[in-house]
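Trainee: I have a chain open on my screen and would like to talk it through with you. Can we start with the whole and then work down to single residues?

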Amino acid sequence: MQNAPITLHPSQQRLQVRVDGILLADSTNTLELREHGYPPRHYFPREDVRMDLLTTSETITHCPFKGHAVYFSLGERRDIAWSYEEPIEGVRAIAGRVAFYEEVSE
């Protein structure tokens, strides 16, 4: 039996993301995405992210397991977060949620 490349795990633990001392995300409703070969990432609902502080960057990437990702910057800090607006089948639950490169603090 082959392992699924990606698994999603709902989390009700309070998680926060701070970048340069700025609280960018604070949620008790994240989805932890686990993908073989990568660190676990928490995907935050947009309503729990300070989207007003982020700007959309020109960066777009493609993952064969998740789809196309758009990226966000905070001032001079480029591409610190990303989102899959229309993820592929199997990971649709992350649609529109935001994940960060910076460490998530509890």
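Trainee: What percentage of the 106 residues in the protein chain is buried?

Mentor: Buried residues make up 41% of the 106 residues, where buried means under 20% relative accessible area, exposed means over 50% and partly exposed lies in between, with a 1.4 Å probe and protein chains only. Please keep in mind that this is a predicted model, in which local features need pLDDT of at least 70 and side-chain atom pairs count only at pLDDT 80 or more, whereas totals for chains, interfaces and linings use all residues. Residues are numbered from 1 along each chain as its sequence is written, and side-chain values use heavy atoms, with hydrogens and water left out.

Trainee: How many helices and strands does the protein chain have?

Mentor: The protein chain has 0 helices and 10 strands, taking helices (H or I, at least four residues) and strands (E, at least two) as DSSP runs numbered from the N terminus. The radius of gyration of the protein chain is 13 Å, close to the 13 Å that the globule rule gives for 106 residues, so the chain is as compact as a globular protein of that length; the radius is taken over C-alpha atoms, and the rule is 2.2 Å times the number of residues to the power 0.38.

Trainee: And what does the C-alpha trace span along its principal axes?

Mentor: The C-alpha trace spans about 45 × 30 × 25 Å. The protein chain exposes about 6500 Å², of which carbon and sulfur atoms supply 49%, with areas from the Shrake-Rupley method using a 1.4 Å probe, and for residues only the protein chains shown count as cover.

Trainee: Switching to sheets, in what order do the 3 strands of the open sheet come?

Mentor: The order is β1-β4-β5, with antiparallel pairing, and two strands are said to pair if DSSP finds at least two bridges between them. The edge strands, each pairing on one side only, are β1 (6–11) and β5 (41–43). Strand β4 (residues 30–35) is joined to β5 over 3 bridges in the antiparallel sense, and Glu-32 has His-42 in β5 as its bridge partner.

Trainee: Then β2 and β3: how many bridges join them?

Mentor: There are 5 bridges between β2 and strand β3 (residues 22–27), which run antiparallel, and Val-19 stands opposite Ile-22 in β3. Strand β2 (residues 15–19) is mostly covered, since 4 of its 5 residues are buried.

Trainee: Where is Asp-20 found, and is Asp-20 buried or exposed?

Mentor: Asp-20 is found in the loop between β2 and β3, and at 55% relative accessibility Asp-20 counts as exposed. The hairpin has 2 residues between the strands, and there Asp-20 takes a positive phi near 50 degrees. Most residues other than glycine have a negative phi. Asp-79, found in strand β8, also has a positive phi, near 55 degrees, in a residue other than glycine.

Trainee: What does Ile-60 touch, beyond residues up to four places away in sequence?

Mentor: Ile-60 touches His-68, Ala-69 and Tyr-71 on that count, where contact means heavy atoms within 4.5 Å. Ile-60 is in strand β6 (residues 55–63), and at 58% relative accessibility Ile-60 counts as exposed.

Trainee: Last one: with which residues is Ala-93 in contact, leaving aside neighbours within four places in sequence?

Mentor: Ala-93 is in contact with Leu-8 and Leu-31. The C-alpha atoms of Ala-93 and Leu-8 are separated by 8.4 Å, although the two residues are 85 residues apart along the chain. Ala-93 is found in the loop between β8 and β9 (98–100), and at 46% relative accessibility Ala-93 counts as partly exposed.
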